[in-house]
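Me: I have a two-chain model open and want to go through how it packs. Can you take me through it?

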Amino acid sequence: MTIATSNFLVPNGTLIVELIAFLIVLGVIAKWVLPVLNAMMTERQEQIRSELAAADAAKADADAADAERRSVLEAARRQAREIVDQANRTADQVTTAAQARAQAEYERIVQAADAEVSVARQAAVEQVTAQVGAIVVAAAERVVGREIRASDHQDLIDEAVAAVRAGAGSDEAAAGAAGQGR
Amino acid sequence: MGAVLSSAHPLATSLLADISVGDHIQRTVGGLQLNLDTIWATAAAGIVTIALGLMLRRSATSGVPGKFQLAWETALSAVHTQVDGSIGPRGKRIVPLAVTLFVFILVCNLFGVVGLGATYDFLLPPTADINLPLAMSLFVIVLVHVASIRSRGIGGYVKHYLTQPFPIFLMPFNLFINVVEELAKPITLALRLFGNLLSGGLMLSLLAYLVVWKIGVIPVGGILALVFNPVWKLFDVLIGLIQAFIFALLTILYFDVAMSDAH
């Protein structure tokens with residue numbers, strides 16, 4: 001073993017030893033180290049990719065759920081609007097029908113009352129005419145001083161009754177005109 | 001600086017003469033001259049590199065990586081990116097070579113940080129001896145030529161040297177240029193690394209010799225050496241990193257040129 005000075009640019013036998021040393025290092029690193037590191041990096045990338053995919057899927061699910069919620073909400077709103085509209089229409093119909101029924105009932109009652117009034121008047125007129133005949137006969141008996149047989153003067157009585165009727169008829173016409181004006 | 005030193009100290013002139021390059025502890029084995037200091041430094045660097053690799057192998061996880069694994073992964077993915085970008089998927093096979101070159105050269109270069117600047121340093125960076133850089137660059141260039149032949153075929157390989165870069169009628173000129181270029185590749189690849197590391201070591205030697213400079217009893221040179229030695233070593237770390245990176249990068253680029261169809 002000597003200490004020697006040689007041209008520093010010229011290689012010597014050390015080159016072969018150095019080459020072998022480098023090849024050993026290269027072999028160990030290439031065979032036992034880098035494959036492991038590569039596998040770990042690939043595995044991590046795979047994990048990250050799958051996690052991202054899962055996150056994407058979850059986001060898509062959430063979006064779909066949100067869209068569904070929106071559509072359901074929209075449908076519910078629409079339905080609610082329809083129900084309210086329907087209710088309003090029904091209420092209008094009911095009101096209109098009730099008004100119509102009330103009007104009809106009112107008219108019916110008024111008509112019935114009118115009819116009753118005219119029947120009562122008729123009856124009163126009948127009664128009055130019947131009594132007027134008797135009163136006329138009694139008055140005439142007193143004036144004439146003797147018994148008058150009603151059958152003997154039926155023509156006169158009828159004439160008087162007709163006169164009374166005519167008077168009552170004009171009354172009735174006047175009453176009818178007043179009823180219509182009401 | 002030599003003038004300052006020699007005027008400052010009569011010993012300085014003779015000491016400066018002691019700074020020499022190419023000194024090695026040598027032994028001749030079977031007719032081969034071996035630089036023993038380089039060999040044991042290389043062995044140490046190899047053991048450190050392999051130990052770093054096996055430590056990684058044991059602790060590697062596909063979960064959150066630690067700083068140590070992250071450093072390895074950074075180197076590996078940087079090489080992957082470079083190879084994918086230049087050569088493409090065919091370059092996958094040279095990734096382990098480039099990564100090993102980078103890590104191993106980096107470890108070798110960092111040995112400069114423990115150097116003292118002595119004439120025979122206990123652990124010099126083995127890359128500061130031409131043998132290791134040249135061994136690696138020759139290995140790389142041989143593989144590059146093998147890859148070129150596999151990629152182009154023998155005919156294409158030969159034709160490539162005759163028809164580029166000038167038209168076919170300048171064939172001899174093309175051949176000359178290409179042969180010079182191919183010969184220059186391993187030499188420049190080796191010398192670039194070797195020169196940077198050798199000069200780094202020389203700088204440490206020069207800084208060590210500053211110690212002899214005294215003014216009266218004040219050790220001016222010693223103080224300067226104390227200041228500049230760590231500064232230079234920090235710089236050396238950067239140089240070591242850059243040179244390791246350049247060696248690996250050029251390896252990839254040489255493969256790229258060899259394997260690309262158009263050149």
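Reply: The largest nonpolar core has 62 residues, and those with the most contacts inside it are B:A98, B:V99, B:L101, B:F102, B:F104, B:I105 and B:F255. A nonpolar core is a set of buried Ala, Val, Leu, Ile, Met, Phe, Trp, Tyr and Cys residues joined through C-beta atoms within 7 Å. Buried takes 20 or more other C-beta atoms within 10 Å of a residue's own, placed from the backbone. This is a predicted model: local features need pLDDT of at least 70, side-chain atom pairs count only at pLDDT 80 or more, and totals for chains, interfaces and linings use all residues. Residues are numbered from 1 along each chain as its sequence is written, with chains lettered from A and ligands numbered from 1 in the order in which they are written.

Me: Which helix gives the most to this core?
Reply: Helix 5 of chain B, with twelve residues; helices are DSSP runs of H or I, at least four residues, numbered from the N terminus.

Me: What is B:F104 in contact with, leaving aside neighbours within four places in sequence?
Reply: A:F22, A:V25, B:A45 and B:T49. Contact is C-beta atoms, placed from the backbone, within 7 Å.

Me: Switching to the interface, how many residues of chain B are in contact with chain A?
Reply: 44, against 36 residues of chain A. Helix 3 of chain B supplies the largest share of chain B's side, twelve residues.

Me: B:T42 lies in helix 3 of chain B. Why does B:T42 count as buried?
Reply: Because B:T42 has 28 C-beta neighbours inside 10 Å. Beyond four places in sequence, B:T42 is in contact with A:E18, A:A21, B:P126 and B:L132.

Technical notes. Contact = placed C-beta atoms within 7 Å. Helix = DSSP H or I, 4+ residues; strand = E, 2+ residues; numbered from the N terminus. Buried ≥ 20, exposed ≤ 12 C-beta atoms within 10 Å, placed from the backbone.
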